[in-house]
Amino acid sequence: MRLRGLGPLLLAIGVAALGGCARDGDGIRGSGTIEMDEIDVASLVGGRLEKLNVIEGDTVSAGDTICVLNRGEVSADLAAQAAEAERAQAQARDLIQGSRPAELVIAKEAVRAANADLELAKTEFDRTDHLVKQGLAPVADLDRARAARDAAQARASSAAEQQRLADEGYRHQQVAAAKQGAAAAIAQLQGAKSRAEELVLTAPRNGVVLLVNYRAGELVPPSMPVVTLGDPDSLWMRVYVAAPLLTKVHLGAPVEVRPIGVSKPFRGRVVSIATEAEFTPRAALTEEEQANLVFGVKLVLDRTGGRLKAGLPADARILLAPPAATAGGANGAGVAPASASAGPGPR
C-alpha cells in the first residue's frame with residue numbers, strides 16, 4: 001500500500017516542477033536569467049598593442065577609437081600599393097591620351113625630310129640615266145642612283161607610316177591592358193587600406209567595456225578580441241515552455257519581466273521560439289510525458305535605461321492574445337484560442 005501511494009506523490013512533484021513554465025491566467029510564466037548582448041572587438045591582421053584607450057567599465061559610443069595596433073609590414077605594404085596604383089594610373093592616362101604634340105610634330109617633320117630626300121634621289125637618278133644614255137657616264141653610276149632612289153622611297157614610306165601611327169595613338173589592346181592594370185592596382189590598394197584600417201579598432205556600437213583581454217605592449221594575434229563590449233540597452237532572457245502550452249506562444253507576443261525583488265514589471269516581446277524540444281524522453285506517449293517536453297523561447301526586453309543588469313534572475317510572463325484575436329489566426333500561425341489549451345488550467 002505504501003508503494004501504491006508513491007505514484008500520486010511523484011506526479012504531484014512533477015507538476016510542481018513545471019511551475020516555472022506553467023499557464024497563469026492570461027499568460028504563461030517562465031523563469032530565467034537576464035542576459036546582455038556582447039560584442040568582441042578584434043583585428044583581422046593582429047599586431048602589437050600600441051595604445052589602449054579604455055578600461056573595464058568605460059562607456060563607449062559607436063565609432064570611438066578603442067585601441068591602436070602596430071604592424072610595420074602592413075604600413076609598408078600600404079605605401080607600396082599606393083605607389084604602384086599611382087604608376088599604373090599614370091601609364092594608363094599616358095596611353096589613353098596618345099602621342100604628345102611634340103611627337104606629332106617630329107613625325108610630321110620626318111615625313112617632310114624623307115620626301116625631300118626622295119625628290120633629290122629621283123632627280124639624281126634621272127640625271128644619271130640621261131648621261132648613261134648619252135654615253136657620258138658608266139652604267140654603274142645608274143645602278144647606284146637607282147638604289148639611292150629606292151632607299152629614299154622606302155624611308156619616305158616608313159616616315160609616312162610613323163606619322164599615321166602617331167596620329168592614331170596607341171593600339172586599343174594596349175590601352176585596355178593599361179586600364180585593367182590600373183584597376184588591379186587600385187583594388188590591391190584598397191585591400192592594403194583595409195588591412196591598415198584593421199590596426200585601429202573602433203566601437204561598432206554603443207556599449208560598456210566588459211572585458212579588456214590585452215594590455216599595451218602585448219602582441220595581439222589575428223581575430224583575437226582585444227576588448228568585449230556589452231550593450232545595457234539590449235537585454236534578453238530565455239525561458240522554457242512546456243509542449244502543451246507552446247501553441248499559445250507566438251512571435252511578437254508581449255512579455256512582462258519581473259526581476260527578483262522588483263515589484264514593477266518591465267516590458268518586452270517574444271522574438272524566437274525553438275523548433276526542437278529539450279529534455280525529451282525516449283517515448284512521449286502520455287500527457288504526463290508530453291508535459292516534460294520543453295521548448296526554449298527567447299524574450300527581448302524594451303530599453304530599460306540601465307535600470308536592469310545582466311545576470312539578474314527574473315520571472316517572465318508571456319501575455320496571451322484574447323480568444324477573438326487568436327481564433328482568426330491574427331498571429332499568422334493559426335494559433336487556437338487560449339481556452340483550448342491542452343496544458344494545466346489557470347492556477
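**Entry 1: Asp-233 and its partner**

I looked up Asp-233 in this predicted model and found a relative accessibility of 28%, so the residue counts as partly exposed. I then searched for its charged partner: the side chains of Asp-233 and Arg-303 meet in a salt bridge, with 2.9 Å from N to O. Asp-233 belongs to strand E10 and Arg-303 to the loop between E13 and E14, so the pair ties together parts that are 70 residues apart in sequence. Arg-303 is exposed, at a relative accessible area of 65%. I also noted a network in which salt bridges with shared partners join Glu-256, Arg-267 and Arg-317.

**Entry 2: Other salt bridges**

My search of the whole structure gave 13 salt bridges. One of them pairs Asp-77 with Arg-195, whose closest N and O atoms are 2.7 Å apart. This pair links distant parts of the chain, since Asp-77 is in helix H2 (residues 72–97) and Arg-195 is in helix H5 (residues 172–197), 118 residues apart. Asp-77 is partly exposed at 23%, and Arg-195 is partly exposed at 36%.

Asp-129 is partly exposed at 21% relative accessibility, whereas Lys-133 is exposed at 68%.

**Entry 3: Nonpolar cores**

I examined the largest nonpolar core, which has 22 residues; Met-237, Val-270, Val-297, Leu-299 and Ile-318 touch the most other members. Strands E10 (225–242), E11 (254–259), E12 (266–273), E13 (294–301) and E14 (313–319) each give two or more residues to this core. The largest share, 4 residues, comes from E10. For Val-297, I listed contacts beyond four places in sequence, among them Met-237, Val-249, Val-270 and Ile-318. Another core, of 21 residues, lies apart from this one and includes Leu-49, Val-54, Leu-69 and Val-74.

**Entry 4: Rings**

I found 0 aromatic pairs in the structure. Charges over rings do occur: Arg-149 lies over the face of Phe-125, 4.2 Å from the ring centre. The charged end of Lys-298 sits over the ring of Trp-236, at 4.6 Å from its centre.

**Entry 5: An open sheet**

I traced an open sheet of 4 strands, ordered E7-E6-E4-E9, with antiparallel pairing. Strands E7 (200–202) and E9 (219–220) stand at the edges with a single partner strand each, so one side of each has no neighbour in the sheet. E4 (residues 47–52) and E9 are joined by 2 bridges and run antiparallel. Arg-48 stands opposite Leu-219 in E9.

Key
Residues are numbered from 1 along each chain as its sequence is written. This is a predicted model: local features need pLDDT of at least 70, side-chain atom pairs count only at pLDDT 80 or more; totals for chains, interfaces and linings use all residues. Side-chain values use heavy atoms; hydrogens and water are left out. A nonpolar core is a set of buried Ala, Val, Leu, Ile, Met, Phe, Trp, Tyr and Cys residues joined through side-chain atoms within 4.5 Å. Buried means under 20% relative accessible area, exposed over 50%, partly exposed in between (1.4 Å probe, protein chains only). Contact means heavy atoms within 4.5 Å. Rings of Phe, Tyr and Trp (its six-membered ring) pair if their centres lie within 6.5 Å; planes under 30 degrees apart count as stacked, over 60 as edge-to-face and the rest as tilted. A charge sits over a ring if NZ of Lys or CZ of Arg is within 6 Å of the ring centre and within 35 degrees of the ring normal. Two strands pair if DSSP finds at least two bridges between them. A salt bridge is a side-chain nitrogen of Lys or Arg within 4 Å of a carboxyl oxygen of Asp or Glu.
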